[in-house]
Amino acid sequence: MLLQNGTPAFRRLNLALFAAGFSTFAILYCVQPLLPLFSAEFHVSAAVSSLSLSLTTGLLAVAMLVTGSLSEVWGRKPIMVASLLSSAILTILLAAAPNWATLLVARMLVGVTLSGLPAVAMAYVSEEVDPKSIGLAMGLFIGGNAIGGMAGRLVSGVLTDLGSWRFAIGVIGSLGFIAALLAWRSLPQSAQFRARSANPAELLRSFGQHLRDPGLRYLIAEAFLLMGGFVTLYNYLGYRLTAAPYGLSQTAIGAIFIIYLIGTASSAWVGDLAGRLGRGRVFWIMIVLMLAGAVLTLLDAIVPILIGMVTVTFGFFGAHSIASSWVGRRARTAKAQASALYLFCYYAGSSAIGTLGGVFWSNWGWQGVVALVTALLMAALALAFRLAALPPISPQQEA
C-alpha cells in the first residue's frame, strides 16, 4: 500500500528522509563558507579553493550513476544507510587532514560515499508514496537538504570563529553520524521495490530509454543550469562580503546561509502547489524569480544583496522540488537511474560552473559572476517553456 499524507508511516518516512537530507547536505556544503579561509591558510587561489567543494560534487555526480543502478538490484534502504554512515565517518576523519592535497582526496571520497543517498531517495519516494502526496514528500526531503546545507555552512562559520575549521568539520561529521542513525531507525522498509537483474547491459539500456524521452532530457539539462547558477552565487558571495567595504566575519558569512530556511519553506509549498496546479505552470515562474534575485545582488548596499539572495533561494528550491518530482513521474521504469541522471547533471553543474565562476570572479568581479548566472538562467527559462508545452507521457502521468 502506498504511503499517504496524514498517516504514521508517512510521518516516519518524512522524519527519516529529512534527517538523511540534513546529513547529506551538511557534509557536502560545510566547506563553502570556508573557501576564503582555505585560500589564506593553504595559499591557493579562489578557483583552487573551490575544488574542495567542486571535486566532491563532481565525484558525487559520477558515482550516483553507479549507486543508482546498484539500488535497482540491492534495494533502496541498504544503499541509503551505508551512504550516510560512511560519509559521516569520513567527514570526522577529514578534520585531521594534514595538508591541502589530503583534504582534497578526503573530500573526493566523501563525494563517492554520499552518492548513495540523493538519487535513491528520489526513487524511493516515487515508488512508496501515493501520487497525490509525492510533491509534499519530495518537498519535505528537499527541505531537509536545505536545512542541512544551511546548518553545515552556519555551524562551520561559527565554530571556525570559536575554534578552528578542523573543529567545525569534526562537529558536522558527528552530527551527520547521529542523523544517519536516525534515518536507519525510522526509514520504512520498501514495500513496492522489485529487484532487477544485475545484468550490466540491461542497466545501461535503461539509461538510453530515459534519454529518449525529451521531457527527461529537458529536466536533466535544467538541473545543470539551475544548480550551476545557484551554487556559483553562493560560492563567491563570501569573497565579496569579506572584502572591503563590507568586511564581514566568518560567523556573519555563515549566518547568511540562514536564508536556506526560505528554501525549506518554498520546496514543500511550491512542490505541493505544482502538484495541484501543474508543474509546467509553476516551474518557469521559479526561474524568473531566480533571475530577478540575481540581478538585485548587483546593487552595492547589503540589504538589497540579501533580498536578492533570498529571492534566488526561494526560486531555486521551488524549481528543484518541482523538477525532482517531475523526473519520478515521467520515468516509468528504473526510477533510481532516472533520478541519478538528473542529479548527475545537477552536481556536474555545481562542480563545473562553480569552478568556472572563480574565473569570472577573478577577472570581472561580482558583475562577471552575475553575468554568467544570468546566461544560465535565461537558457533554463527557454527550456522551461518547452517543458510546459510537452504532452503528458501517458494519461496517468501529469506533464
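Reader: Is Arg240 buried or exposed?
Author: Start with the cut-offs: buried means under 20% relative accessible area, exposed over 50%, and partly exposed in between (1.4 Å probe, protein chains only). Arg240 comes in at 8% relative accessibility, so it counts as buried.

Reader: What sort of model is this, and what pLDDT do local features need?
Author: Residues are numbered from 1 along each chain as its sequence is written, and side-chain values use heavy atoms, with hydrogens and water left out. The model is predicted: totals for chains, interfaces and linings use all residues, side-chain atom pairs count only at pLDDT 80 or more, and local features need pLDDT of at least 70.

Reader: Which residue does Arg240 meet in a salt bridge?
Author: A salt bridge here is a side-chain nitrogen of Lys or Arg within 4 Å of a carboxyl oxygen of Asp or Glu. At 4.0 Å, N to O, the partner of Arg240 is Asp300.

Reader: Which backbone oxygen does the side chain of Ser324 reach?
Author: Ser324 sits in helix H15 (residues 302–330) and counts as buried, with 2% relative accessibility. A polar contact is a pair of N or O atoms within 3.5 Å; within protein, one must be able to donate a hydrogen and the other to accept it, and residues adjacent in sequence count only if both atoms are side-chain atoms. At 2.7 Å, the side chain of Ser324 reaches the backbone oxygen of His320.

Reader: How many of the 29 residues of H15 are buried?
Author: H15 reaches 42 Å from its first C-alpha to its last, close to the expected 42 Å; the expected span is 1.5 Å times one less than the number of residues. H15 is largely enclosed by the rest of the structure, because its buried residues, out of 29, number 22.

Reader: Which residue caps the N-terminal end of H6?
Author: The buried residues of H6 include Trp100, Leu103 and Leu104. A side-chain oxygen lies 3.3 Å from the backbone nitrogen of Ala101, and the capping residue that supplies it is Asn99.

Reader: Which helices each supply at least two residues of the nonpolar patch?
Author: Patches are made of residues with over 30% relative accessible area and no salt bridge, joined within 9 Å for like charges and within 5 Å for nonpolar side chains (Val, Leu, Ile, Met, Phe, Trp, Tyr). Ile89, Ile92, Leu93, Phe177, Leu181 and Trp184 make up this one, with about 550 Å² of accessible area together (Shrake-Rupley method, 1.4 Å probe; for residues, only the protein chains shown count as cover). Phe177 is partly exposed, with a relative accessible area of 32%. At least two residues of the patch come from each of helix H5 (76–94) and helix H9 (165–186).

Reader: Which residue does a cis peptide bond join to Ala244?
Author: Most residues other than glycine have a negative phi, and most peptide bonds are trans. His43 has a positive phi of about 60 degrees although it is not a glycine, and it lies in the loop between helix H2 (35–42) and helix H3 (46–49). The cis bond, with omega about 5 degrees, joins Ala244 to Pro245.

Methods
Helices (H or I, at least four residues) and strands (E, at least two) are DSSP runs, numbered from the N terminus.
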